[in-house]
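Here is a short briefing on one protein chain. Have the sequence and the 3D view open as you read.

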Amino acid sequence: MALTTKKQFIAGVTCPKCAQIDKIQAYVEDGINYRECVSCGFKDEMRLTSAPRELQTRVNTSAEDIAGQTRAVKLIDPSR
Ligand SMILES: [Zn+2]
């Protein structure tokens, strides 16, 4: 999902403040990603600078392949 300067709703996201679903809009302001609830006015900065680690877990790649491609996986604590 690419964020643009236009406000757009994020489907399936629950507001952490009022707990209403599908009320969160995402937008970019001065290069910073924000999320805003249109229901209660909740506003928060979204930090998307970290690597999309979630995507890797969904990819059908074996652990050996990942280990061979990048040594960054060593940073992940296997005990979690
Ligand atoms: Zn809200």
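This is a predicted model, and its pLDDT averages 78 over the chain. Of the residues, 57% score at least 70. Among the elements of the chain, strand β1 has the highest mean pLDDT, at 94. Helix α1, residues 53–58, has the lowest, at 55.

**The sheet**

- The chain forms an open sheet of 4 strands.
- Their order is β1-β2-β3-β4, and the pairing is antiparallel.
- Which strands stand at the edges? They are β1 (8–9) and β4.
- Each edge strand has a single partner strand, so one side of each is left without a neighbour in the sheet.

**Strands β2 and β3**

- Strand β2 covers residues 24–29, and strand β3 covers residues 32–37.
- The two run antiparallel and are joined by 6 bridges.
- One place to look is Ala-26, which stands opposite Arg-35 in β3.
- The hairpin of β2 and β3 has 2 residues between the strands.
- In this hairpin, Asp-30 takes a positive phi near 55 degrees.

**Strands β3 and β4**

- Strand β4 covers residues 43–46.
- How many bridges join β3 to β4? There are 4, and these strands run antiparallel.
- Asn-33 stands opposite Met-46 in β4.
- Tyr-34 stands opposite Glu-45 in β4.
- β3 and β4 also form a hairpin, with 5 residues between them.
- Gly-41 sits in the turn and has a positive phi of about 90 degrees.

**A closer look at Arg-35**

- Arg-35 lies in strand β3.
- Leave aside the neighbours within four places in sequence, and Arg-35 is in contact with Ile-24, Gln-25, Ala-26, Asp-44 and Met-46.
- Arg-35 and Met-46 are 11 residues apart along the chain. Their C-alpha atoms are separated by 6.5 Å.

**To find in the 3D view**

- Start at Arg-35 in β3 and find Ala-26, which stands opposite.
- Then go to Tyr-34 and find Glu-45 opposite in β4.
- Finish at Gly-41, in the turn of the hairpin formed by β3 and β4.

Key
Residues numbered from 1 in each chain as written. Predicted model: local features only at pLDDT ≥ 70, side-chain atom pairs only at ≥ 80, totals over all residues. Pairing = 2+ DSSP bridges. Contact = placed C-beta atoms within 7 Å. pLDDT = per-residue confidence, 0-100.
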